[in-house]
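Dear colleague,

Please find below the structure that I am handing over to you. My notes on what was found in it follow directly after.

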Amino acid sequence: MAGDDVEHAGWAIDTPASRLRRRRNPLLGLIALVLLVGGLAASVVGIVRLALEAGVDDARVVARGTVAPLDAPPAPPVTFAASAGERFTVWLHEGGPDNVRESIVAGTECAATRPDGTLARVRGSRQGTSVATDGHETIGTFATGAGTIAVACRHVPFGGWRNRGRLRDEHRFVVERGTPGDGLAGLWLLLPGMAAAGLGLVAVLRWRSGSLRSRQ
Amino acid sequence: MGRARRMLEGTFAKLEQAVERMNTDDLSKLTPAERERYDGWVARTEAINAGRTVEELGDPRLIGRVLHGPAGEYVAGIAKLDKRRETIEDPPAWKEQMRAERAERDAVRMSYLAAERHPVRITRVATRGKTQVEEVADRLAADGLAGRPELVYGVYRVPDLISAGRMGGEGRGVVEWDVVHAAEQDLPPAAPPVVCTLAADDVLVARRIGEPAPLDEDLALHLLAGAGVGPERTLGIARAVAIEKRDGGDDNSSMRILASVRGVHLLAAAGSPPLAGDVGREPLRIPEGPPEGVVVDVLQWDAIAKAIHPVRQHRPPLPSPFPYLPLTPQELLRAYLEIVGVSPADSYTAQVTHGRPFDLMGRTSTRTGVRRTGGGPDLPCADGKPRQRMAGGHHVVVAYRDRPAYADGRARFDAYAETELKAHLRRGLDLRLPVPKPSGRLARTLDRVADVADFVTGDMGVEDGFVAPRYCWPPQP
């Protein structure tokens, strides 16, 4: 845009007579490349793992049952064998809008009967953090003793009268070995990977602009 | 009845005096540009009262404007361009058209050129923002110009933003510099020049409230004069122009790309005495304007750019709607140097630059109200690599040791500007504005509270409009 008035003469210090030269630190370039490539690769692997592992994994499902609708007779419990100290997660099988699903989850209560006869109550409205996927949302987790465990779920009143209609529908649940966090291991790759890629980008820019050195 | 009438007349007379006093007070508060417009209106009213017709005096919307003629009428909204007008998109054809139009302008300019004039070459080099001054100084030494300052008109940071869409500031970006010189053959390398940089937010000049703030060149010229360095040893006085992006909100609707002057660089030939001297130890008492015998001429460029370069990321459209106007600020700079006949040995500076903070987001789209950071073709840069470019530049500034021949040259340039460019290039400059009164303690506290509120609401970076004068803020008691 400077028309013919201006003669383009290259970089200011890019002449044989320059006293200065721009030096690019190869070590910084290498570190930048490793951070950028490694970070991006880790992020991609993390995303793939999250996509594959997050939520209910059929291989870990130990039982499937039905949640008894509100005001209906109790549904038969599902049973499975467990070893001492193992943790299990109850997932509600339900898709749809988040707000509707959250109300259904909050209106769901499960009871896990341990071999020694003690009960573990799992209430959707009392879990600290719920994990949701496209088709499932957690009701909660519980620990067991060794032996056969029986789990029964039912819908309980939650929210106003007008919002309880969904709780009168029948929903399905699954019991999965482990906690929801077991499926989120990909985050350990994704988050540091993104941080490394960000640092790598900064390092690449720094390497590319280089620093001035006197020509000896 | 007679007594009542006398009382009424007396009251009216007092009222008129009061209105006169208020008008005088109001007029004293006008900036020079506002005063120019006011005087223009007064002159027009007097001319009409004297019997001249409205048709003779022209459209009142051109009062106080830099451009008159067809371009002025277009910029003022009096006339519109033909929307069906076709422009050249193909770069080689564009260049050919540019050269054809330029040849016509050069032919018109011929009759105004100084009989004794010197070559004007503008060499553009690429630097990295963070080390730009060091790199330019090194280039001046490598090209030998640092050893022949009498061949250099000036150096300046090209006020364009290159690759506006890239992340980060200009520190690692490409910043170009122009070296305006008269060397027609290669020179042997020379010693690196003496460089001195002054920060605009330092109180270097003693000014009281109401006294005119110094121009960057005024301060630099007084320092050079104090150091005994004349134009024959000076390589340039370059305003330190910084261009930075400022987010204005979540939707970027008020994002700004501000070009502002952070200080001034002084470059002189090797072996010159220290340029800054005692500056900074205590504020200098320098008179208004440049030292005696030195001319600082500031010309409007952006007013022309509005007419011939409507979208700053694109090439100026060709055929130009106003082919009599220069296409680039460098063409205007060259025209000034060649018409006035300035010798590089007399020149302290020749630069295309900015004055007050200037938002480059203006004129970034053909649509009114639309502001874009991207768009536009990749255009050649000094290093040979094409990149997106936002053309900046508000003023053309030239400072030189005056001679009688130059006074004639300036008269020729004024005639050229008025007749051929149909422009008043020194209008509306608002240079050396009076130093304002600093806000009181209560206002400062409120400002701080507002800053905190802006931080909390995420409106940081939104300016309040106040621009502190450079080198003399806050004023002396």
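Chain B averages a pLDDT of 89, and 96% of its residues score at least 70. For the complex, the predictor gives an ipTM of 0.85 and a pTM of 0.78.

This is a predicted model, in which local features need pLDDT of at least 70 and side-chain atom pairs count only at pLDDT 80 or more, while totals for chains, interfaces and linings use all residues. Residues are numbered from 1 along each chain as its sequence is written, and chains are lettered from A and ligands numbered from 1 in the order in which they are written.

The contact between the chains

Chain B contributes 39 residues to the contact and chain A contributes 21 residues, where two residues are in contact if their C-beta atoms, placed from the backbone, lie within 7 Å. On the side of chain B that touches chain A, at least two residues each come from α5 (91-110), β1 (121-128), α6 (132-142), β4 (174-181) and α9 (329-340) of chain B. The largest share, eight residues, is supplied by β1(B). By class, this side of chain B has 16 nonpolar, seven polar and 16 charged residues; Ala, Val, Leu, Ile, Met, Phe, Trp, Tyr, Cys and Pro count as nonpolar, Asp, Glu, Lys and Arg as charged, and the others, Gly among them, as polar.

Strand β1 (residues 6-11) of chain A runs parallel to β1(B), and four bridges join the two; strands pair if DSSP finds at least two bridges between them. A:Glu7 stands opposite B:Thr123, and A:His8 stands opposite B:Arg124.

The open sheet of four strands has the order β1(A)-β1(B)-β4(B)-β2(B), with mixed pairing. β1 of chain A and β2 of chain B stand at the edges with a single partner strand each, so one side of each is left without a neighbour in the sheet. Direction ignored, neighbouring strands of this sheet are turned by 20 degrees against each other on average. α6(B) packs on the sheet and touches β1, β2 and β4 of chain B; its direction makes about 135 degrees with that of β1(B). Angles run from 0 to 180 degrees between N-to-C directions, and axes are lines fitted to C-alpha atoms, for helices over the stretch in contact.

Helix packing

In chain A, helix α1 (residues 26-53) and helix α3 (residues 187-209) pack at an angle of about 155 degrees, with their axes 6 Å apart. They are therefore roughly antiparallel to each other; angles under 35 degrees count as roughly parallel, over 145 as roughly antiparallel, 65 to 115 as roughly perpendicular and the rest as oblique.

In chain B, the axes of α9(B) and helix α10 (residues 404-419) come within 8 Å and cross at roughly 135 degrees, which makes α9(B) oblique to α10(B). B:Tyr336, B:Ile339 and B:Val340 in α9(B) meet residues of α10(B), including B:Tyr406 and B:Phe413.

With kind regards

Notes
pLDDT = per-residue confidence, 0-100.
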